[in-house]
Amino acid sequence: MISSRHAAVVIAGLVLLGAAGPAAAVSTSVEIQAASPASQSETLSFSFTPASNQTLSAPSRLTDGGGDVVFEFERWDRSDGTDGGTSTSWQALGGEEYTVEYSVDVDSSTAEGTYASQADISGSSGTVHSEQLETQVDVLEPSFGVAPSPAVSVELDAITEDSAERQITVPIQNTGDGFMQVESVQLSNTPSEISLSSGSALTDISAGETESVTFTVDIGAEAEGTYQFDVTVTDSLDDTQTFTTQLTVDKVLPAFGSVDTQTAEVVFADPDGQGREVEVEPTVPNEGDGTMQLRSIELEDPPRGIDVESASLSGDQVAANADEPVSFSVAADNFVQEGSYRMTAVLTDSLDNTVRFPVTLTVRRPPVVGTDNGRFDLGGVLVGTEKTARVAVSEVGDTNPIDGMTARVRPSQPRDGELSVAQLRRTSVRAGETEFVDVSVSASESADQDDVLRWDVTLTPNADDADSQTIPARAEVLYPPRLEELALKSVDIEFDRARPTSDYETTTTVEFANGGDLTMEVQDISAEVAGSTSVTATVTKTPASVNGLSSGSATVQVTAQPDAPEETSRLEVTVQTAEGGTETITREVTVNHQIELSTSATDVEFGELSVTTERTRAVEVTEELGYETVSGLTVEPVAGPESYLQITSEPPSTIEPGESDQLVFTLEFSPDAELYRQYAWAYKLDGDNVDPRIVNVTARPRPLSFGEVKDDLSAAAEDGAFREPVATGVEETLVNVETRLRENKSVSGDTLSISLSMARATLLYLDALSAARTAQESGNFKQGQRHLTEAAVARDQVVSAVEQISPQLRSPATRAVRAANQSLDETVASQRAHYEDVLGGDPSVAERARAQRSLAQLAAITGDRETAARRRGAATNATDTYLRLVEDAATARAQADTTWQSVKQNATVVLAGQPLVLNPARYDAVTDRLKTIDDRYASAIDQHRRAGTDRVEPVTQRRDQVAFQAQLVSYSLLAAAGVYGLGAVGVISFVFIRGLRYVRETRRAAVGDFLLNW
């Protein structure tokens, strides 16, 4: 390719030596791989020499093959190397040689063949040089060679491989001139035990070369023997090659070799009574080519008490042609006797192959040292002393005796004691028996009282394989008796009994502790009160001794004489012991005088009390003890109603010791009290430094005698007319209630109070109805309406009370209610007739609203709800009309007042509040305003009159006042107009006379008469 290019350049140079001649040709070749096509590029160049200086231009882009081959301008260069560039247009010098370079780009899809295009170099004089650019495109294709016939052998481990993957590699030959790209491998005609797992990755094979193609197959667990199947290899051009592959599958198996004799020893060297286990680790040879997987091991006919503890070895494997150690446990129970035991072990693999080998187990039982409870308890040792303690040593193996032993003692913890065990080293103990041995233990002076000295004593019998036993030993450090921690509480004696009294006595306890570990003997405990002649102390109960690290106590009795003043003394208690020492403790003894507030009674009972009857009770308030004064005494109510009960006298804020004063209660029930109800009050008496006292007061109201009410009803009945049946019926009911009371028959408190309420309501009804009728007779129906309403309310109270009275007592009252309803209806009818007459006339709106409202109220009194609702609606409509008329009237008057104010403000002059208009030109405007003012006042008067208000007269007076002043304004306008009229006549006469004179003089001038001397 390089030589062709050089040749093209030489030829181009020869052609271009002259001026533009016939087109020369320059060519190159491009190869494209069919297996993996990609665009290719090459370079073409040619030279020429222009005859003169001029601007040259070269085509920038040339194509052929439908655009698959592109010749792209790259650069130009002057051959002497002094100039060059990449622009397709440049300034050339005549006689100089220039080289032009093009790149040729061939698309990957270009077909094989020759492609060309002519490059014309043009200048100012036309085409300077033409060159044929050519490229030969060759497409290189691969080709499969001779098909291989591979034969592959595979070994599968019978234990570790249930199935397997294996790679198969075959040679593939490319006999073509292009490289080959293998894209896939497929199997066909495969047996059920063989399948393709994965094909090879893409493999490139150069032309004329042979490369290996690898694919992976899955071999099933059942596969064994020789299999044939077809393999198809496909390249990127979809060309294929199929060949037959032979696969031989062989299973490899394990095989036991011989196992050496195994020995083990079990030593029962401790006394816990448990069996023993020993590990046996034989080396197992696998002489086969396959992996061995062990399954179990067992002993054939082992002696009683000996067996394999771990019977399964599942998971243990031995590689092919290798040795591996395995482990299993042989257990011997505690009862197996000393000696050697020969047994045969059978080892089995997962394929049920077995191997037998001998196992010898030796059982040994050396002597075993022990103690009764596993430790040495040395008891207590007094600090700074030494003592001998006896310990028990046993042989617990029950087979061989102990003939001496080694003994090692670890220093005590803490390091404040010593333990000597020399005698233990010389001790012999028969098998299964116990010996008692003395040891020496001591505690140093520095040992703390709460220390427990601890050692570890390691004992080893003098015998082969005897185990060492470490036995803990402990001793407590004891301290001698020590008196400490005296405790005594201060004594407060409260003088809380009234004088005179006996001695005040109280007890307290002195407590003390024995800080040592040994018993402390108590010799004496004494007590004394220092600094007082009226307070004494004695010890009444004393312990004889106190155990170690325990506490004791004694009782001290303190006595104060009745006349002892308030004071603080010193109590001294001394405790004396035999070995623990003597100590004294001091505390205060305080005498306090108490204050006690008392009352002669905490419950004050008034019992039953008639209403309006006043009754008084007194309670004595006393300072009880006689030592101190009560100060800041207050009496405060804490419960009960605020009415009826009052304190009319209370004690002063200060009560001297032992003195008294009175708290006086006064009670009076008013008629509104609930009869026979138990009323209760509570009052708290409190003061400085005293306990408060509560005084409870109770009372029950009872009704007054019916006599007074009956007298009023009798008086009303004597007036006759409508009063007699009503008053008589109610009075008879009261008589029935009284009769029942006199006969000691049951009458509830509610019946009594309701009867009285009924009687009072009846009297109210009679008075109200009489007042209503009197008002009607005098023509004051408005007042009569109010009394009628009161009568209706009282009547309803009577009806309600009658309904609550027992049926056997209410019959006369029921007749009274019927009479009351009849008389009330008659009076209501008269009231109704009056208001209907009002509506039948020509009432004002206000009168109509009042009449409708009154009729609605009368309908409600008689229980006619439908009529009452209709009348209330009519009253509401009349009221709305009234309000609208009043509002319109107010608006009309306000407009009239505003307009009059504007007249006054725009008047020519205002004299003493009277406006005057002296401008005749404003006559019409002012006159119109004055008329508007009068019309609006008239409208306001009319609306007030229709509404029925009391504002008609004030508006009428205002209208008359404004009308008078408006008349004067009209007169002022007329006067002004007259003056202006006279003035106008005079001016007109003056102008007329002057005009006549002017005409006359003009005429005279025209004829020359003015020249004549008349």
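Four strands, in the order β48-β50-β53-β52, make up an open sheet with antiparallel pairing. Strands here are DSSP runs (E, at least two residues), as helices are (H or I, at least four), numbered from the N terminus; two strands count as paired if DSSP finds at least two bridges between them. The model is predicted: local features need pLDDT of at least 70 and side-chain atom pairs count only at pLDDT 80 or more, while totals for chains, interfaces and linings use all residues. Residues are numbered from 1 along each chain as its sequence is written, and side-chain values use heavy atoms, without hydrogens and water.

At the edges of the sheet lie β48 (597-599) and β52 (645-649), each of which pairs on one side only. β52 is joined to the antiparallel strand β53 (residues 660-668) by four bridges, and Leu-645 stands opposite Leu-667 in β53.

Buried denotes under 20% relative accessible area, exposed over 50%, and partly exposed the range in between, with a 1.4 Å probe and protein chains only.

Helix α10 (residues 923-947) contains Tyr-923, which is partly exposed, with a relative accessible area of 32%.
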